[in-house]
Amino acid sequence: MSTTALSRKDRRVKIAKAAKIYGIKGPESLDLHEAYNALARGEVGTAVQLAHPITQSHPANPHGWVVMGGAALAQREGKTAQTFFGQAAIYRPNDPVVLGGMAKAHVLEAEVEEAVAMAPRAFAAGSEDVGLAGLYLDLMVQFGRRLAAADILAPMAERLNDAGLCHRLGDLLVDAEEPGKAARWYEKAYRLDPQPEPHRIGQLRGLLAKCRFDEAEPLARDLVATATDRDAAVGLLLLLLRVTGRADEAAALIDSNEFATP
């Protein structure tokens, strides 16, 4: 419901609630609330129209600057975003949204080292920005810092219980040749959301890493029969057959399978 359609009483109640949240008295607190909502909907122009006057009337309040910074990020204006988040940081230097916004602004400006230094500060401060976590992982992989990235993101993954992030941590650790550590995250991703095929393949990897072959084999055979990425499923079943000493079954599986990739 638009705030313009509210009764006077309802509007006063909403203004009072917004004032407690944003630290601004009067109708401007509701404007700020609407600015955040507009930004979340991707209505950048509306967000700026609502937030900009607040940065002028309440320059010491960080929220107007945060909205303006988010709008600049949406427009891929890195330097402008740095300026706005920098203003917010004067008044709220340890805010995870401010720190995360600065990290993203550094990426837009191709300041990669600064970005990978800033993002962990956001995570440590309590950031819930899974998109920033994914961006950080991509950058750290390019630097070859997989294990360091896993250590930094593990507390966030534990806190948020985000299946996608847990699965990505599993993949990261497999690439870093740490299958035992990866198993924990694959199992967590599968427990949180067992339906996606990558999560089921990850669960299979985790079971194999922990030598839980009796549990792994039914899942492996089901994936061989149903998975879109059949090569991965067949490869994992072959591994299971090899380590359990069934070379003849492995050879038969190879002969019967037409691999899609070398």
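**Burial and helix packing in a predicted model**

The place of M156 is in helix α9, residues 146–160, a helix being a DSSP run of H or I of at least four residues, numbered from the N terminus. This is a predicted model, in which local features need pLDDT of at least 70 and side-chain atom pairs count only at pLDDT 80 or more, while totals for chains, interfaces and linings use all residues. Residues are numbered from 1 along each chain as its sequence is written, and side-chain values use heavy atoms, with hydrogens and water left out.

Reader: What makes M156 count as buried or exposed?

Author: Buried means under 20% relative accessible area, exposed over 50% and partly exposed in between, with a 1.4 Å probe and protein chains only; M156 has 1%, and is therefore buried.

Reader: Which residues does M156 touch, not counting residues up to four places away in sequence?

Author: With contact meaning heavy atoms within 4.5 Å, M156 touches F123, S127, E128, D129, V130, A133 and L165.

Reader: What residues of α2 and α4 make the contact?

Author: From α2 come L32, A35, Y36 and L39, and from α4 come H63, G64, V66, V67, G70 and A71.

Technical notes. Helices (H or I, at least four residues) and strands (E, at least two) are DSSP runs, numbered from the N terminus.
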